[in-house]
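Q: I'm new to this one and would like to learn how to read it. Could you show it to me and take me through some features?

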Amino acid sequence: MSGFKKFLMRGNLVELAVAVVIGATFSGLVQALVKDLITPLIAAVTGGNEPDFSDYVFTVNGAKFMYGDFVNQLLSFLIIASVVYWLVVLPMSRVVAYFDRNKEATEKKCPECLSDIPMAARRCAFCTAVLSESETPGATGASEASGVTTS
């Protein structure tokens, strides 16, 4: 029983549970926003009629295809996705970019294989190219035109 208790109390499991609860709450918030604000705006723009395609059907050899509900769900998805993008993702990207604007670089590109390597590296961990003095922090001069010597 103590192993099960340890499993339940692990940090990542608790974080996942919190994320699921917040995600479910956020889903309700976004659906309410779309249902109560965005859809009535669409109705106002389209002449007072909310878009409803649920009655659209076609029949082939007696089989009834009710594609209207699919169109309703597709429109709902597109509206929700655009609301989330414009009101959550885009502003959060700007906030993150604002706070990350003054961070110093911790990695550089290897001029030989273009892999990301630490700034203080003297040799690339991927292609083993030896970096010249001009490519390490605090270097005083360039030793080669290409900046890389291989051995």
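Q: What kind of model am I looking at, and how are residues numbered?
A: This is a predicted model, where local features need pLDDT of at least 70 and side-chain atom pairs count only at pLDDT 80 or more, while totals for chains, interfaces and linings use all residues. Residues are numbered from 1 along each chain as its sequence is written, and side-chain values use heavy atoms, with hydrogens and water left out.

Q: How many helices and strands does the protein chain have?
A: There are three helices and six strands. Read from the N terminus, their order is α-α-β-β-α-β-β-β-β.

Q: How much of the protein chain counts as buried?
A: Of its 151 residues, 13% do.

Q: Which residues does Leu 33 contact, beyond its neighbours within four places in sequence?
A: Contact means heavy atoms within 4.5 Å. Leu 33 lies in helix H2 (residues 11–45) and is in contact with Ile 38, Val 83 and Leu 87 once those neighbours are set aside. Take Val 83: it is 50 residues from Leu 33 in sequence, yet their C-alpha atoms are 8.6 Å apart. Leu 33 itself is partly exposed, because its relative accessibility is 24%.

Q: What share of contacts in the protein chain joins residues at least 24 apart?
A: Counting contacts between residues at least 6 apart in sequence, the share is 16%.

Q: How many aromatic pairs are there?
A: Rings of Phe, Tyr and Trp (its six-membered ring) pair if their centres lie within 6.5 Å; planes under 30 degrees apart are stacked, over 60 edge-to-face, and the rest tilted. That rule gives five aromatic pairs. One of them is Phe 58 with Phe 65, which is stacked, at 4.9 Å centre to centre and 15 degrees between the planes.

Q: Why is the pair of Phe 58 and Tyr 67 called tilted?
A: Their planes are at 45 degrees, with ring centres 5.7 Å apart, so the pair is tilted. Tyr 56, Phe 58, Phe 65 and Tyr 67 make up one aromatic cluster. As for cover, Phe 58 is partly exposed at 40% relative accessibility, and Tyr 67 is partly exposed at 35%.

Q: What sits over the ring of Tyr 98?
A: A charge sits over a ring if NZ of Lys or CZ of Arg is within 6 Å of the ring centre and within 35 degrees of the ring normal. Here the charged end of Arg 101 does so, 4.1 Å from the centre.

Q: Why does Ser 115 count as buried?
A: Its relative accessibility is 18%, so Ser 115 counts as buried. Ser 115 lies in the loop between strand E3 (107–109) and strand E4 (116–118). Leaving out residues up to four places away in sequence, Ser 115 touches Lys 108, Lys 109, Cys 110 and Phe 126.

Terms used: Helix = DSSP H or I, 4+ residues; strand = E, 2+ residues; numbered from the N terminus. Buried < 20%, exposed > 50% of the residue type's maximum accessible area, 1.4 Å probe, protein only.
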